[in-house]
Amino acid sequence: NQFTPLLTMYRAERGFSELAVNTLLFGYVIGLIPSLLLAHRLAARWGTRTPLVLAVSVSALGSILVAAGSHDPALMFAGRMSTGMALGIGMVVGGLALDSLTTTPGRAPRASAMSLTSGFAMGAGAAGALAQWAPTPATAPFLLHGVLCATGAVLITRSPTNSTVQARPEPLERNRIPPPRAFHLL
């Protein structure tokens with residue numbers, strides 16, 4: 001979430017228009033939605049460890065692209081898409097990995113929600129502080145993020161679990177109700 005606190009800087013110091021900044025925010029969604037829909041299949045095929053390492057690597061790539069393209073909206077857009085993709089994989093597969101580590105019902109979703117929320121808060125706070133006081137405000141938050149991603153990838157590869165998930169849960173035909181038309185439109 002280090003990008004959001006820098007939006008004012010991109011407008012004021014880089015001269016990006018409101019449309020350009022909002023388009024960069026939208027790039028995140030373009031990467032996020034497909035990864036949310038496909039991440040479970042990755043975990044079913046390769047277990048949780050490989051997709052999590054992929055997510056961390058793609059997230060680092062996103063930071064590199066945004067930092068390198070601080071004057072180039074096209075590079076920044078690609079970086080934002082990468083970041084969105086990484087978050088989608090991380091949320092789905094990370095939740096599955098947490099679920100495999102606990103036997104307490106409901107604990108994994110709570111842990112997942114709290115880690116996501118605290119990560120969003122700490123990332124935005126750290127990025128804002130670095131953008132305010134670091135000598136290179138457009139790159140420092142993303143460099144720190146890259147270092148944290150590298151550390152995270154190493155920790156994930158050393159994790160004790162690489163659970164696999166069921167590719168297709170057994171459908172309960174009596175519970176299968178098609179979503180309403182409004183769901184599809186939304």
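Arg-11 has a relative accessibility of 31%, so it counts as partly exposed. That label covers the range between buried (under 20% relative accessible area) and exposed (over 50%), using a 1.4 Å probe and protein chains only. A quick word on ground rules: this is a predicted model, where local features need pLDDT of at least 70 and side-chain atom pairs count only at pLDDT 80 or more, while totals for chains, interfaces and linings use all residues. Residues are numbered from 1 along each chain as its sequence is written, and side-chain values use heavy atoms, leaving out hydrogens and water.

Back to Arg-11, which sits in helix H1. Leaving out residues up to four places away in sequence, Arg-11 touches Phe-16, Glu-18 and Val-21, where contact means heavy atoms within 4.5 Å. With Glu-18, Arg-11 makes a salt bridge, and the closest N and O atoms are 3.2 Å apart. For this, a side-chain nitrogen of Lys or Arg has to lie within 4 Å of a carboxyl oxygen of Asp or Glu. How many salt bridges turn up across the whole structure? The search finds one.

Now for the overall fold. The protein has seven helices and zero strands, and reads α-α-α-α-α-α-α along the sequence. These are DSSP runs numbered from the N terminus, with helices (H or I) of at least four residues and strands (E) of at least two. Of the 186 residues, 34% are buried. Among contacts between residues at least 6 apart in sequence, 76% join residues at least 24 apart. The protein exposes about 11,300 Å², with 66% supplied by carbon and sulfur atoms; that area comes from the Shrake-Rupley method with a 1.4 Å probe, and for residues only the protein chains shown count as cover.

What about the inside? The largest nonpolar core has 14 residues, and Phe-3, Leu-6, Tyr-10, Phe-16, Val-66, Met-76 and Phe-142 have the most contacts inside it. Helices H1 (7–12), H2 (18–46) and H3 (49–68) each supply at least two residues of this core, with H1 giving the most, three residues. A second, separate core has 13 residues, among them Leu-52, Val-56, Ala-60 and Ala-97. Such a core is a set of buried Ala, Val, Leu, Ile, Met, Phe, Trp, Tyr and Cys residues joined through side-chain atoms within 4.5 Å.

The structure holds two aromatic pairs. One of them is Tyr-10 with Phe-16, stacked at 5.9 Å centre to centre with 15° between the planes. Rings of Phe, Tyr and Trp (its six-membered ring) pair if their centres lie within 6.5 Å; planes under 30 degrees apart are stacked, over 60 edge-to-face, and the rest tilted. Tyr-10 and Phe-16 are both buried, and together with Phe-3 they form one aromatic cluster.

Ala-67 lies in helix H3 and, with 12% relative accessibility, counts as buried. Beyond its neighbours within four places, Ala-67 is in contact with Ala-138, Thr-139 and Phe-142.

Here are two C-alpha separations:

| Residue pair | Apart along the chain | C-alpha separation |
|---|---|---|
| Arg-11 and Val-21 | 10 residues | 7.4 Å |
| Ala-67 and Leu-143 | 76 residues | 7.8 Å |
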